[in-house]
Amino acid sequence: MKIERTKNAARNVVFGVVLKIYALALPFVMRTAMIYWLGIEYLGLNSLFTSVLQVLNLAELGVGSAMTFSMYKPIAEDDRDKICALMNLYHFYYRVIGGVVLVGGLAVLPFLPHLIKGSVPPDINIYVLYFLNLAATVLTYWLFAYRNSIFSAYQRTDVVSKVTIVTDTIKYAIQIFVLACFHSYYLYVIAILATQVLNNVSIAYLSRKMYPQYEPKGKVSKEEQREINKRISDLFTSKLGGTIVGSADTIVISSFIGLKVLAIYQNYYYIITALSGIVIILFNAVTAGSGNSMVTESKEKNYHDFKKLSWITYWMIGFVICGLFCLYQTLMKVWVGAELMLDDNFVLLFCLYFVGNMTIQLLSVYKNAAGIWHEDRFRPLISGIANLVLNLIMVKFIGLYGIVLSTIISVYLISAPWLLHNVFTLIFPGKFKDYGKDLLTYTVTIIAVTFITSRVCNLIPDSGFVILIVKTLVCTVVCNGLFLLIYHKSPMFKEVLQMAHKIIKRK
């Protein structure tokens, strides 16, 4: 069966953007509430627990990605028995993973005090809080997690987005209530646990309703299971490397500098993560369709689609970079105050990190769609180890600068070049020179547009919420106006406009 890639991708982008804007605004409110009702140290503690649990989630090993990839072909061929057997295997794996995470999480308990430099809030028992967070993580695997695979493989993640919006609304309403009325961080965490259960159960119900023909039953052949296990083992190194990059910074800051600095850093990183998430919505929306296209379309068609996705992505990246240069510090001053701000040099560093990370995410869409995990298995691991080693060395000499610089170095000198080589050797051989010209053009364009836009925004006085709104509007108009001026005659721009017109007309 050939799924409707453009229609489903558009639907996933729309609902994904709605969810991401929602997921940006509400946690923003929650972080603000926690700062003013509990204190900045609670944010640091929350970030530390999240990072520790990300390390424990290594037990997932990339099972979700491997299983979703395995479903592309049987869905294209409408092989229901094979899909049911894959779901059954997925179900078994996730029960095991939940148990491993639980045991590993309990083993970490004696080491928790060593991960925090300085004191913790006096009314907090870190062991109780950690166990509550651990329970929420384990339940994500034990409660129907395997049902998500159908939505991902069928490119219907918009359904998951809708459910998440509803359950997150309930969660945030409860959390605001308990913070305002009881000032209790314990109840705040319990709300996460309860709504995680609600989210998983709701998604499982909708999965059964929309795809009643699929139930976890039957067995895949031993040969196919060995192939799946091979993909999982290949994905493990990728998962390990990504976890080191994502979690090492937080744990090292907490261990060497302290919870307050960690919370300040995480306020900045939160904005970067939220903006990255908006771009990643596009990638998540097209990954399943790209996997289907790899099975049903020619290499030339896939390469042209890749170039089209790149063009859209780098316009989005350019817009975000303009926003960060023009608005980052103004937003922080309005939000948390000058006393909880980093200096301006960090803005440039975070921008460099954002561009490098988004480039890797873009390339990973086709890496995942083509399933070249075995060939790419050592890249994330080596990049992650390099990041960790640099973290531990540089934090002692230049503090927080060392943490951010170590990540940028590992991205630009190891991960991005290596992934480019893999993609243009294994998926699109002989196309690197052509794509390299595109990358150079995008880079020069983004630098020029950012420079002009920031110059215009700097003419506006930097203070207050109203000024923030004005600068946002100016930045949006100037930045996108410049991109439109540069690209309006390009063939890719016209092609994307035609695609958008078809989607709107179909709707």
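**Notebook: overall fold, core and one buried lysine**

I began with the radius of gyration of this predicted model. For 507 residues a compact globule would come near 23 Å, and the chain has 23 Å, so the two agree. I then took the extents of the C-alpha trace along its principal axes, which are about 60 × 55 × 45 Å.

Next I looked up secondary structure and found 17 helices and zero strands in the chain. For contacts with a separation of 6 or more, I noted that 86% join residues 24 or more positions apart.

I turned to burial and surface. Buried residues are 53% of the 507 in the chain.

Which residues touch the most other members of the largest nonpolar core? I listed Tyr 185, Phe 306, Trp 311, Tyr 328, Phe 424 and Tyr 435, out of 139 residues in that core. Helix α11, residues 299–335, gives the most to this core, with 17 residues.

I followed Tyr 435 further. Beyond its neighbours within four places in sequence, Tyr 435 is in contact with Tyr 303, Phe 306, Ser 310, Tyr 314, Leu 362, Leu 420 and Phe 424.

Last I checked Lys 171, in helix α7 (residues 157–182). Is Lys 171 buried or exposed? Its relative accessible area is 15%, and buried means under 20%, so Lys 171 is buried. Setting aside neighbours within four places in sequence, I found Lys 171 in contact with Ala 191, Ile 192 and Thr 195.

Technical notes: Residues numbered from 1 in each chain as written. Predicted model: local features only at pLDDT ≥ 70, side-chain atom pairs only at ≥ 80, totals over all residues. Heavy atoms only, no water. Core = buried A, V, L, I, M, F, W, Y, C linked by side-chain atoms within 4.5 Å. Buried < 20%, exposed > 50% of the residue type's maximum accessible area, 1.4 Å probe, protein only. Helix = DSSP H or I, 4+ residues; strand = E, 2+ residues; numbered from the N terminus. Contact = heavy atoms within 4.5 Å. Rg over C-alpha atoms; globule rule 2.2 N^0.38 Å.
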